[in-house]
Each structure stands twice: as C-alpha cells, then as structure tokens.
Amino acid sequence: MNRATLRRTAALVGSVALLAGCGATVQQPGPGEAAPVVIDNCGEQISYPLPQRAVAYDMSSTEKMFALGLADRMRGIVMPSTADPAVQRSPYLDDYRSVEVLSTDVLSREVVIGAKADWVLAGWNSGFSEARGITPQLLDQVGIRSYQHTESCFNYGTHPVQVPPLEALYTDLRQIGAIFHVPERAEALVSDLQKRAEALRQQRPAGEPARVFLYDSGTDQPFTSGAQGAPDALISLAGGRNIFSGLNQRWTSVGWEDVVEAAPEVIAVVDYGDRPVADKIAFLKSYPPLASSPAVQKGQFYVLDYGQAVSGPRNIEGAEQFAAYLRSIGR
C-alpha cells in the first residue's frame, strides 16, 4: 500500500478526536482493535495502526522509544557497532539489554523484513536511504509503516518540511507517543524538557557567545553539524554559538580553512565512531592550521557523548552539561 493509498484510507475512515498537542487524529477502530491515528510526518498524512513489531535504527530512534517507556513494545533495534561504546554509557542501558539487536550494521530492508517488522523509526539519509533501497515508499509496498525523524524532513521529498531541532524533537516524542497510544507520557516528557531548556535560556550569559566548533570526525575534511542538527540547538542553549550555524545542514563535511577562519574558542568533540575520542583530540592539537586557534592554545576541548549529540531525549542533558563547562572556563 503506497502513501497516497494510506492518505485516501485515512480520509475515508475520518478522524474523531485530537491527541493532545501532537496534531494527531484518532480514527474509529474496528471491533476489538486499537484505534489507528493519522500523523503528519514529513508533510504527509499517514495512518498508523498500533505497532506490534517496532524496529528502531541507531541511538536517536532507540532512545526516543526508551524515554517513552516503549522498550517492551519493540521487536528489535539496528545499532551500528560504532555506537556500542556510547550505548554502554547510556542511562538507558538496561533497556538496551532488554531489546534484541537485529544488526550492528546500517538499516536494511532485508533486516526489517526478516524481523517481520510492522513499523520502522529512522531518519532520512540516517537510516532510510534511496541508494540502499530502504525508503518509506518501498516499505509501504510490503505493508510496513515508517516514521521519519522530523529533524530529517528538511531535505526530504519535493516539499521539504523545516522545523528547528528542538521543536523537531518535541514533535517526534509527541507523535511517537500518539502512535503507541501513550500521549500522556509523551506530554509529561516534553514538558520537562521544555522547562529545562527554558531555564538554560534564562541562564545564558550576556555578551558575545563562545565560538564553538563541533567536531565529529575526519582529517582531510572535518565532519560537523549545521543549523538543522541537534548540536546547533544544544550549543546555543548552553550559551555558545556553533561556528557553522549558517549551514542549512544536519551533518556535513566542511573545509579546514573555514574552521581556522572562525577561530573557535572551544572544540566539542563527539565521542563516537571507531576512533577513540582521545585520538581525535590528539589530532586536533597536532594539526598545524589549528595551532593558532584559541581552543587549541588554551586546551579547551569538550567531549560530547554521541547519545547527547543526535536528536533525542538527552539533548537537553547535553546542553546542561556543556553549559556547566562553558561557565567553568568563564564563557
């Protein structure tokens, strides 16, 4: 069933009630069935029956599910092996241990179909991929619903939907809560995150914010995050300024000359991947073009956990901890 068919089905069934705050509508259920909900995901109205065999990809998807208390509703997760150290540090470690790991590679249609999944949570170009043959449309054809992270909708399809990273996170939590019929849990979680975010905004120091370079990886070209990624919001809440906030990207490669020109005061290094974070910092310290930057001269490197850097319930925690670091260096 393609998405156009899903939209037509949703229109025929009709909506009967709103789920608080998430823009979802509940459809009339059949006898003995849970009511499906209609959700606007990446600009498309999609009807979601209550998932019975949910699969999540990577930490962003998985921890949104865990934060909503949905570990016991999951068929499994696909978690690249490069995220394993971050998983071991996660406050949701017990939940991780309770859910089957279906693959330690990238998300694939074969794994999803083999698991008999009926619902998949991932991002566009961070899980779903045209090149790898696993898209929402292709999954629709085999009867599998999908939900894409709102953060990733900004470059999806012919009519992109652009939502600021924190609002995208709140949208996802509310809408996943609606799909799984736990809207009260979702609203309580979002309310807590919003209050903590507002407290951080109120505490930001006056004056020019600290210039922050978010370094994920890369030697020939650094891989970083732009305005559409969670780190941009995290850095801003903490009282800094992402030196690549002008890029309309989530995660992207840039040139070293742009990093040098921006003269970052702090380099936030994402603790993720197959290269230890200590090695990443050692490289940055030894890279000649960066030698004159304030961050290198003052040794101002901050280690950002991967689980806090991707869109997820720990973004605010990451901002709180980074804010404490900035205050500790007088910024």
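## Salt bridges around Arg89

In this predicted model, Asp305 and Arg89 meet through their side chains in a salt bridge, at 2.5 Å from N to O. Asp305 sits in strand S16 (residues 301–305) and Arg89 in helix H3, so this contact ties together parts of the chain that are 216 residues apart in sequence. Asp305 has a relative accessible area of 12% and is buried.

Arg89 also forms a salt bridge with Asp271, where the closest N and O atoms are 3.4 Å apart. Is Asp271 buried or exposed? With a relative accessible area of 18%, Asp271 is buried because the cut-off for that label is under 20%. Arg89, at 37% relative accessibility, counts as partly exposed. Stepping back, Arg89, Asp271 and Asp305 belong to a network of salt bridges that also links Glu63, Arg314 and Glu317.

## Another salt bridge to look for

How many salt bridges does a search of the whole structure find? The search finds 14. One more to look up joins the side chains of Arg331 and Glu265, at 2.8 Å from N to O. Arg331 lies in the segment after helix H14 (315–328), while Glu265 is in the loop between helix H10 (256–262) and S15, 66 residues away. Arg331 is partly exposed at 27% relative accessibility, whereas Glu265 counts as buried at 12%.

## Aromatic pairs

Now for the rings: the count comes to 17 aromatic pairs. One of them is formed by Trp124 and Tyr156, an edge-to-face pair with 4.9 Å from centre to centre and 70° between the planes. This pair links distant parts of the chain, with Trp124 in strand S8 and Tyr156 in the loop between S10 and helix H7 (165–179), 32 residues apart. Both residues, Trp124 and Tyr156, are buried.

Phe213 and Tyr215 make a tilted pair, 6.0 Å centre to centre with 55° between the planes. Phe213 and Tyr215 are buried as well. Through ring pairs, Phe213 and Tyr215 join a cluster with Phe244, Trp256, Phe283 and Tyr287.

## Strands S8 and S10

Strand S8 (residues 119–124) pairs with S10 in the parallel sense, over four bridges. If you follow Leu121 across to S10, its bridge partner is Tyr147.

In a regular strand, side chains alternate between the two faces of the sheet. Along strand S10 (residues 145–148), Arg145 and Tyr147 point one way, Ser146 and Gln148 point the other way, and all are buried.

Note on methods: Residues numbered from 1 in each chain as written. Predicted model: local features only at pLDDT ≥ 70, side-chain atom pairs only at ≥ 80, totals over all residues. Heavy atoms only, no water. Buried < 20%, exposed > 50% of the residue type's maximum accessible area, 1.4 Å probe, protein only. Helix = DSSP H or I, 4+ residues; strand = E, 2+ residues; numbered from the N terminus. Pairing = 2+ DSSP bridges. Phe/Tyr/Trp six-rings, centres within 6.5 Å; stacked < 30°, edge-to-face > 60°. Salt bridge = Lys/Arg side-chain N within 4 Å of Asp/Glu carboxyl O.
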